[in-house]
Amino acid sequence: MFERFSREARRAVTAAVEEAERRGDPSVGTDHLLIGVIGSAAPGSDLIGASVETLREARAEMDQAALAATGVDADLLVEPVPNRRRGHLPFTGGAKQVLEDTLREAIGMGSRRLESEHIVIALTLRPLRDPAIRLLEQAGLSPDGIRTDLIQSMRRSA
Amino acid sequence: MTEIDRVIATAESPDPADGLRAASLLRKLAEQIEARHVSAARVAGWSWQEIGDALGVSRQAVHKKHRRNIV
């Protein structure tokens with residue numbers, strides 16, 4: 001399905017994989033996709049209103065809170081160790097769903113190509129417990145607000 | 001109550017989001033510690049059998065898991 005992705009959308013997905021590798025995470029999730037879109041400065045990412053650093057900080061806050069809530073010494077958190085495992089990291093179920101929804105959004109908006117904006121829209125439509133949604137909310141951002149702004153901006157430039 | 005009992009008891013916290021996230025973080029931490037020290041052990045001349053014995057897993061399992069990551 002990637003052949004229909006624009007160059008920017010492809011770069012965003014690549015950046016998401018790199019983010020997961022950088023952190024040593026076992027798979028590429030929707031939270032990595034969100035950071036990938038912003039990190040690759042993909043079109044539409046400016047409307048999210050957060051930097052990669054902000055989101056990484058928000059994620060660290062959630063990690064600390066989760067460990068504290070489970071009674072584990074939060075100092076155990078170590079610096080991310082890059083994944084040295086060769087081969088491709090798998091995508092989580094949620095991340096796969098986002099890529100499928102990206103296609104649906106593109107078709108729904110009458111676009112022949114899958115743009116990075118469609119990835120962002122698909123991300124904002126995730127359910128409440130999705131890692132990307134939780135990350136946005138931890139950073140004080142509204143998924144619905146982002147989607148509304150993005151759709152407006154796309155209509156203006158269409 | 002031992003430390004691990006205390007951790008597990010607290011781990012039954014009302015919000016599964018925190019518990020699941022903590023479990024995932026701790027698994028990652030354990031994997032990172034293991035990778036680092038398997039690598040160090042190989043450099044120090046440990047055999048795969050010795051490493052497997054120390055980790056409590058088979059020689060084959062530890063070799064299969066780590067052979068590609070050893071620098």
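Two residues are in contact here if their C-beta atoms, placed from the backbone, lie within 7 Å. Keep in mind throughout that this is a predicted model.

**First stop: A:Val52.** Leaving aside its neighbours within four places in sequence, A:Val52 is in contact with A:Ile35, A:Ile38 and A:Gly39. A:Val52 has 18 C-beta neighbours inside 10 Å, so it counts as partly exposed.

**Second stop: helix H4 of chain A.** Now select residues 93-108 of chain A, which form helix H4 and number 16. From its first C-alpha to its last, this helix reaches 22 Å, close to the 22 Å expected at 1.5 Å a residue. Colour A:Gly94, A:Ala95, A:Val98, A:Thr102, A:Glu105 and A:Ala106, which are the buried residues to look for in H4(A). Why do they lie on the same side of H4(A)? They cover an arc of only 120° around the axis, and that puts them on the same side of the helix. An α-helix has 3.6 residues a turn, so residues three or four places apart point the same way. Turn the view to the other side of H4(A), where A:Gly93, A:Glu100 and A:Gly108 are exposed. The buried residues of H4(A) pack against H2 and H5 of chain A, and the helix is followed by A:Gly110, whose phi is positive, near 70°.

Which residues touch the most other members of the largest nonpolar core? Among its 40 residues, they are A:Leu33, A:Leu34 and A:Ile119. Helices H1 (7-23), H2, H3, H4, H5, H6 and H7 of chain A, together with helix H2 (16-43) of chain B, each supply at least two residues of this core, and H1(A) gives the most, with six residues. Select A:Ile119 and show its contacts: not counting residues up to four places away in sequence, it touches A:Ala9, A:Ala12, A:Leu33, A:Val37, A:Val98 and A:Thr102.

Move to residues 131-138 of chain A, where the buried residues of helix H6 are A:Pro131, A:Ala132, A:Ile133, A:Leu135 and A:Leu136. These buried residues pack against helices H2 (30-39), H3 (52-69), H5 (116-124) and H7 (143-157) of chain A. Centre the view on A:Leu136, which is buried because 25 other C-beta atoms lie within 10 Å. Not counting residues up to four places away in sequence, A:Leu136 touches A:Leu141 and A:Pro143, while its C-alpha is separated by 9.8 Å from that of A:Gly49, 87 residues apart from it along the chain. After H6(A) comes A:Gly140, whose phi is positive, near 75°.

**Last stop: chain B.** Finally, select chain B, where there are four helices and zero strands, giving the pattern α-α-α-α when read along the sequence. Of the 71 residues in chain B, 7% are buried.

Technical notes. Residues are numbered from 1 along each chain as its sequence is written. Chains are lettered from A and ligands numbered from 1 in the order in which they are written. This is a predicted model: local features need pLDDT of at least 70, side-chain atom pairs count only at pLDDT 80 or more; totals for chains, interfaces and linings use all residues. A residue is buried if 20 or more other C-beta atoms lie within 10 Å of its own, exposed if 12 or fewer, and partly exposed in between; C-beta atoms are placed from the backbone. The expected span of a helix is 1.5 Å times one less than its number of residues. The arc is that of the directions from the helix axis to the C-beta atoms. A nonpolar core is a set of buried Ala, Val, Leu, Ile, Met, Phe, Trp, Tyr and Cys residues joined through C-beta atoms within 7 Å.
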